[in-house]
Amino acid sequence: MIKGKLSRKTYGLYNFMDYRRVWPKVVYGLFILFMLTVVVVSVLPPISLFFAGFKNPQDIYSVPFKLLPESFDFSKIAKVWTDMNFGKYFVNSVIVIAGALVCSIVFNGLLAYATAIVKPAGHKVVYSLVLGSMMIPAVLSIVPLFNQIVKLQLTNKHIALWLAAGANAYHFVLFHTYFKSLPKSLMEAARLDGCSKLTLFYRIVAPLSAPIIGVVAIFTLNATWSDFLLPFLVLKQDATRTVMVKIFDMQSNMSTSAQFGMDYLLVVLSISMIPPIALFIIFQKQITGSVSTSGMKD
Amino acid sequence: MLPSLVLFSFFVWVPLLSNISLSLYTTKGFEKIQFSGLENYLAVFKDDLFVGALLNTCEYAFWSVIIGFLAPVIMAIILNEIVHFKGFFRVCAYLPNMVPGIAAAILWTFLFDPSAGSMVNSIIVALGKEPSLLIDDSDLSIILIIIAMTWKGAGATMLIYLASLQSIDSTYYEAARLDGANFMQRLRYVTIPHLLPNISTLFVLQIISVFQVFYEPMVMLDGGTDASISLMLLSYNYAFKDSKSGYSAATGVILAAIIIAFTLLYNFVQKKLSPQSE
């Protein structure tokens, strides 16, 4: 007889009936083994990176390979942080993220509100133009975009990145789909009560939008923290750089710079992974939920 | 609405159009000099680097289909069968997706380091083989980059398949079981047909996204070697390293054309296959 969860499994390729036999149990064991391998492959690389950060530079690639460092000296993290003046880049990232959050929610949200609910003349054209832009690779527009930013003298200014977050087709689509799903009768009732389009937004739509604003905020937070190409091109002065730009800069200058070794880069990399992973652990449901419903990966 | 439109114009639509026009001009720095028609296009097709990058990009797509495409399907089917620690497995499989792109690329540069003491080399040695040059081996670099990309992306794709698998009504399996179908037959006649729409959509999305591979060769191979440079990276190098922004624009337009062609082909095949929908 079988006990526990398998005896209650009613779905899938094998159900509780099959698990009364021996062979399916063996297969199930193999499945568990497979998933354990997946877990190891997923988790081991970042963990080995974290451990290697504690090693001395000359020991990182020592033979034979050792996963664990000789000692865990946590003061090293603080030392790297101050040596690299990392607080500065961290603050820059936070500034960029704060502005990007506001812009992403306000501008994409308002545009989606217009195309999904207000529907002025031409809203269909706007909608398809935004959607069409999702198909075009970003690099196609990066040169002229960079050019425009230079002409407006926005280089080394975080505002360029804030505004860029306000034109995000993915976040627009998330808002648009959500607004479409709001009950129409509610809008009608509000309009009959004499709500103007602006009050309709503040009194009815905005209060109902907390869930979608949350989702867009999480995505913006993660995307802005990880964003690289535009910040790299726009932020040329070291003092304005974000964490990701600085990390790339460290990696490309590593062979020529005597200021820091490989271990410093590894420590900084580990630090850079903590915020998104923490975000994921806190908002697991929202993140995995919208991946599987929208099919959107980044 | 107006300010949002201004932003979209500034960040998306105008750059797009000016890039197309830029590709038709001779350039100096980032400035247009003189209208030259399709000269930039002809020039890039004569450039060995461009032809190499085009072939490399196709090679990326090929390996991405072989390695990166099947992994999430298999992971989803197996995870859907599992009842113990399901949440834990799902979270761990998705975790790499949260690692920022640049950080993931540097992480794998570290694991794929050609020195004998790198993690991957020590595994190879433990298996009784000679240490490999890994990322510095021009025959291997594309495959290794695809492995790194699969590591990051597979968990998210798996979740999409998993959601689809969970929507299969168990009566289908019940019926198959009553008809005496074994495990493989149930997989073949119930599970796979149900996943097919997702599989075809994600297949096209994967090809589209791998055609835009950029960070990985740039970071993992210091700006890309001849054996690994992709069209996106070449377009970037033309613009920001070689000051040939006309070439860069032309390369970008060609890349976009390939991607749009794929999308249209996909829509066409989709319509042929399912005439009842739409």
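Author: The bend at a residue is the angle between axes fitted to the seven residues ending there and the seven starting there. Helices are DSSP runs of H or I, at least four residues long, numbered from the N terminus. This is a predicted model, in which local features need pLDDT of at least 70 and side-chain atom pairs count only at pLDDT 80 or more, while totals for chains, interfaces and linings use all residues. Residues are numbered from 1 along each chain as its sequence is written, and chains are lettered from A in the order in which they are written.

Reader: Where is the kink in H1(B) centred?

Author: On Ser9(B), with a kink of about 50°.

Reader: Which residues of H1(B) are buried?

Author: A residue is buried if 20 or more other C-beta atoms, placed from the backbone, lie within 10 Å of its own. In H1(B), the buried residues include Ser4(B), Leu7(B), Phe8(B), Phe11(B) and Val12(B).

Reader: How many residues of chain B are in contact with chain A?

Author: Two residues are in contact if their C-beta atoms, placed from the backbone, lie within 7 Å. Here 79 residues of chain B are in contact with 70 residues of chain A. Helix H1 (residues 2-22) of chain B supplies the largest share of chain B's side, 14 residues.

Reader: What does H9(B) span between its end C-alpha atoms?

Author: The expected span of a helix is 1.5 Å times one less than its number of residues. For 29 residues, a straight helix would span 42 Å, but helix H9 (residues 183-211) of chain B spans only 36 Å. H9(B) has a kink of about 50° at Leu196(B), shortly before the proline Pro197(B).

Technical notes
Helices (H or I, at least four residues) and strands (E, at least two) are DSSP runs, numbered from the N terminus. A residue is buried if 20 or more other C-beta atoms lie within 10 Å of its own, exposed if 12 or fewer, and partly exposed in between; C-beta atoms are placed from the backbone.
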